[in-house]
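Visitor: Please show me the structure, and then take my questions one by one.

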Amino acid sequence: QFFISDASLPENPVQGETIGIISNGVCLSVPCAYWDETETTLIIGRPEEISEPAKPLFDGTIPTHSGAIVFSDSELAELLSYPVSDAVTRIQIWTDGLKFPERMVVAIG
């Protein structure tokens with residue numbers, strides 16, 4: 001799994017028995033393929049750059065007071081930082097439909 005949050009790295013949502021995208025209002029926990037089995041392709045862009053035909057699996061917002069969204073691993077190591085301009089940022093996520101997705105699309109903004 002990986003996390004999407006403001007760059008200030010608030011407390012991550014607890015991953016429970018359910019496998020899926022979990023939000024605690026300030027951070028998202030997102031399942032992905034196991035690193036030792038296959039890679040997960042992650043496509044990130046603004047909504048106008050993304051053209052997914054289906055409804056997103058997740059469509060919500062997180063506070064982004066720092067001006068950046070961070071993608072981090074389960075040990076909170078930063079994988080990617082994405083600049084944003086608003087104090088609250090909309091996040092939409094699509095996957096390939098697998099329990100542990102190998103392809104994920106994230107629209108930010």
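Visitor: Is F3 buried or exposed?
Guide: This is a predicted model, in which local features need pLDDT of at least 70, side-chain atom pairs count only at pLDDT 80 or more, and totals for chains, interfaces and linings use all residues. Residues are numbered from 1 along each chain as its sequence is written, and side-chain values use heavy atoms, with hydrogens and water left out. Buried means under 20% relative accessible area, exposed over 50%, and partly exposed in between (1.4 Å probe, protein chains only). F3 has a relative accessible area of 4%, so the class is buried.

Visitor: Where is F3 placed, and how many residues of that strand are buried?
Guide: F3 belongs to strand β1; strands (E, at least two residues) are DSSP runs, numbered from the N terminus. Strand β1 covers residues 2-6 and is largely enclosed by the rest of the structure, because the buried count is 5 of the 5 residues.

Visitor: Which residue of β6 is the bridge partner of F3?
Guide: β1 pairs with strand β6 (residues 68-73) in the antiparallel sense, over 5 bridges. Two strands pair if DSSP finds at least two bridges between them. Within this pairing, S5 has V70 as its bridge partner in β6. For F3, the partner in β6 is S72.

Visitor: Which residue in β3 stands opposite F2?
Guide: β1 and β3 run antiparallel and are joined by 4 bridges. In β3, the residue opposite F2 is V30.

Visitor: What is the strand order of the open sheet, and which strands stand at its edges?
Guide: The open sheet has 5 strands with antiparallel pairing, in the order β2-β3-β1-β6-β7. Each edge strand has a single partner strand, so one side of each is left without a neighbour in the sheet; these are β2 (22-23) and β7 (78-83).

Visitor: How many residues lie between β6 and β7 in their hairpin?
Guide: β6 and β7 pair in the antiparallel sense over 5 bridges. One of the contacts sets V70 against its bridge partner in β7, S81. In the turn of the hairpin, L76 has a positive phi of about 65 degrees, and the number of residues between the two strands is 4.

Visitor: How far apart in space are F3 and L76, C-alpha to C-alpha?
Guide: F3 sits in strand β1, while L76 is in the turn between β6 and β7. The two residues are 73 residues apart in sequence, and their C-alpha to C-alpha distance is 7.9 Å.

Visitor: Which residues form the covered face of β5?
Guide: β5 pairs with β8 in the antiparallel sense over 6 bridges, and T61 stands opposite R90 in β8. The uncovered face of β5 has D59, T61 and P63, and the covered face has F58, G60 and I62.

Visitor: What is the N to O distance in the salt bridge of D59 and R90?
Guide: Side chains of opposite charge can pair when their charged atoms come close. A salt bridge is a side-chain nitrogen of Lys or Arg within 4 Å of a carboxyl oxygen of Asp or Glu. The side chains of D59 and R90 form one, with an N to O distance of 2.6 Å. D59 lies in strand β5 and R90 in strand β8 (residues 88-95), so parts that are tied together here are 31 residues apart in sequence.

Visitor: How many salt bridges are counted, and how many residues apart in sequence are the parts tied together by R103 and E52?
Guide: The count comes to 2 salt bridges. The side chains of R103 and E52 meet in a salt bridge at 3.4 Å, N to O. R103 is in strand β9 (residues 103-108) and E52 in the loop between β4 and β5 (58-63), so the separation of the parts tied together is 51 residues.

Visitor: What is the relative accessibility of R103 and of E52?
Guide: R103 counts as partly exposed, at 34%. E52 also falls in the partly exposed class, with a value of 25%.

Visitor: How far apart in space are T95 and T41, C-alpha to C-alpha?
Guide: T95 is in strand β8 and counts as partly exposed, at 21% relative accessibility. T95 and T41 are 54 residues apart in sequence, and the C-alpha to C-alpha distance is 9.8 Å.
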